[in-house]
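User: I would like a close look at a single part of this model, taken slowly and with the terms spelled out.

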Amino acid sequence: MIDLRFSDAELDQRRNHILAFIQDQVAAAGVDGAVLGLSGGIDSTLTAYLAVDALGAENVHGLVLPATVSSEDNMSDAERVAQDLKISYDVIEIEPLVDSLLEVYPDAEGDREAVGNARARVRGVLNYLVANHEHRLVLGTGNRSEAAVGYFTKYGDGAVDCHPIGNLYKGQVRQLARHVGVPEDLAAKTATAELWADQTDEGELGLSYETLDSILATYIDGPLSAGATCRLLEVDADTVEQVRTLYEQSEHKRTVPPAPSPLE
């Protein structure tokens, strides 16, 4: 695989660049701070650490939004992050809201993907409810790897005002997290969106983040051909094709919804 790690100097540069980005986004919007969802995972944890560095703990509000499929460990970690950073936070159970959706549309009951995405969208609604009420921005927690292959819910965790760590591959997220002081047990934690029971990111993607990052950096974002990528990374052509297909099929998630071109 490709070594995508930053040097210590580059880590400082990335951190400072992201802090300035968060400050600029808040200033440009003329708001009073930021709201973000806390899942207990590394992406939201790093984003919270950076937000506090950029804005001050008093200007960051965390939301812990457990569902019935959420593990107690992850929710405990989410609260731990908020407490360690000394930010205000609320814990709001989302399953009653999801149940209300299924009451009015019971045909979706048992549809794992539809209900899982509904959970993500309910969280997005709550993020904006709090952010609008408190005159704040919603910070996204998505990274570059997941954005490239569409591994997020459109109008769910993708419904945010900005993505502070959106230019970092997953491995770089873990590296920067360690650099800014995130505890090792959180920095090394297995990634899961917890949209349904026993779900893990790598299990659903069907490949490791190390492999995904390397293919993205060399082939999707980089200059190499599919064949050269296979030879360099020693991966099979089907894996490279899988990543290319995910990238192409998720383009709609990364762009403004299309409309017909103007008539001349």
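In which sense do β1 and strand β4 (residues 137-138) pair, and over how many bridges? Please take the sheet around these strands as the part to examine.

Analyst: The model is a predicted one, in which local features need pLDDT of at least 70 and side-chain atom pairs count only at pLDDT 80 or more, while totals for chains, interfaces and linings use all residues. Residues are numbered from 1 along each chain as its sequence is written, and side-chain values use heavy atoms, with hydrogens and water left out.

β1 and β4 pair in the parallel sense over 2 bridges, where two strands are said to pair if DSSP finds at least two bridges between them. Helices (H or I, at least four residues) and strands (E, at least two) are DSSP runs, numbered from the N terminus. Within this pairing, V35 stands opposite V138 in β4.

On its other pairing, β1 (residues 34-37) joins β2 (residues 60-64) in the parallel sense over 4 bridges. A34 has V60 as its bridge partner in β2, and L36 stands opposite G62 of that strand. β1, helix α2 (residues 42-55) and β2 make a right-handed β-α-β unit; a crossover is right-handed if, with the strands pointing away from the viewer, the path from the first strand over the helix to the second runs clockwise.

β2 in turn is joined to β3 by 4 bridges, and these two strands run parallel, with S88 in β3 as the bridge partner of H61. Buried means under 20% relative accessible area, exposed over 50%, and partly exposed in between (1.4 Å probe, protein chains only).

The loop between α3 (72-85) and β3 (88-91) contains K86, which has a positive phi of about 60° although it is not a glycine. Most residues other than glycine have a negative phi. K86 is exposed, with a relative accessible area of 66%.

Helix α2 also meets helix α7 (residues 170-179), the two axes coming within 10 Å and crossing at roughly 45°. That angle makes α2 oblique to α7, on a scale where angles under 35 degrees count as roughly parallel, over 145 as roughly antiparallel, 65 to 115 as roughly perpendicular and the rest as oblique. The contact is made by I42, D43, L46 and L50 of α2 together with K170, V173, R174, L176 and A177 of α7. α2 passes α7 in a left-handed crossing, a crossing being left-handed if the near helix is turned anticlockwise from the far one by less than a right angle, and right-handed if clockwise.

Note on methods. Axes fitted to C-alpha atoms, helices over the stretch in contact; angles between N-to-C directions. Contact = heavy atoms within 4.5 Å.
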